[in-house]
Amino acid sequence: MLYHLSNYRYELGVSLFEFTAWLDLYVVIVFSIAIIILSTAAWAGNLVALPGNWMMVLVLIALAWFGPQEGRIAVGLSTVILAAVLAAVGEGIEFAASALGARRAGASRRSTLYAMVGSLIGALAGAVIGVPIPVVGSIIAAILFAGLGSMAGAIYGERSEGKEWQETWAVGQAAFWGRTIGTFGKI
């Protein structure tokens, strides 16, 4: 079959080498566009409390496994390891900022759980509702609403345990700032 195709291409005036060179360029372009789209989608996942950094690491692993071994878009083991380390650092910053902010204000475990659930709901609602700013409106809204959802969840958790408003408000503010700063650190 390959012999027949190569003869056919020869009759058209296109050598097999020229065809494979064009095909290699096409594959590089398709891989590059796919990487950009998947990495952008994964990065946006960070805004709505999804593990976007780890999804980007999975994209790199897939590229290292299935992609070209040489050339401009070749990915080696050191790149994958560096991406995994950076993803872990981002997760650590987000977790530390969120947990330390709420714990410093005296949040209970229940409040922390409700803050995480409220953060996820708020981020999704913010991404859908958006802010009337071109291009970045949904991103700003997702971050802002995630913080507000975290604050509402923490306040609800504290109030359900019978704590006073001053104490619950302090925990809610700490949850808001912890989630917001943590998101920026992760991104």
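Mentor: Let us begin with contacts, that is, heavy atoms within 4.5 Å. Among the contacts in the protein chain with a separation of 6 or more, 64% join residues 24 or more positions apart. The model is predicted, so local features need pLDDT of at least 70 and side-chain atom pairs pLDDT 80 or more, whereas totals for chains, interfaces and linings use all residues. Residues are numbered from 1 along each chain as its sequence is written, and side-chain values use heavy atoms, without hydrogens and water.

Trainee: Which secondary structure elements make up the protein chain?

Mentor: The protein chain has seven helices and zero strands, and its order from the N terminus is α-α-α-α-α-α-α. Helices are DSSP runs of H or I with at least four residues, strands are runs of E with at least two, and both are numbered from the N terminus.

Trainee: Why are α6 and α7 called roughly antiparallel?

Mentor: Helix α6 (residues 137–160) and helix α7 (residues 165–186) pack at about 150 degrees, with axes 8 Å apart. Angles over 145 degrees count as roughly antiparallel, and therefore α6 is roughly antiparallel to α7. The contact includes Leu148 and Met151 of α6, and Trp169 and Phe176 of α7. By class, this contact has 13 nonpolar, seven polar and three charged residues. Here Ala, Val, Leu, Ile, Met, Phe, Trp, Tyr, Cys and Pro count as nonpolar, Asp, Glu, Lys and Arg as charged, and the others, Gly among them, as polar.

Trainee: What makes α5 and α6 roughly antiparallel or otherwise?

Mentor: The axes of helix α5 (residues 109–129) and α6 cross at roughly 150 degrees and come within 6 Å. The two helices are therefore roughly antiparallel to each other. Their contact comprises 12 nonpolar, 11 polar and two charged residues.

Trainee: How do you know whether Ile36 is buried or exposed?

Mentor: Buried means under 20% relative accessible area, exposed over 50%, and partly exposed in between, with a 1.4 Å probe and protein chains only. Ile36 has 55% relative accessibility and therefore counts as exposed. Ile36 belongs to helix α2 (residues 16–47).

Trainee: What share of the protein chain counts as buried?

Mentor: Of its 187 residues, 32% count as buried. The protein chain exposes about 11,800 Å², of which carbon and sulfur atoms supply 74%.

Technical notes: Axes fitted to C-alpha atoms, helices over the stretch in contact; angles between N-to-C directions. Parallel < 35°, antiparallel > 145°, perpendicular 65-115°, else oblique. Areas by Shrake-Rupley, 256 points an atom, 1.4 Å probe, with all protein chains shown as cover.
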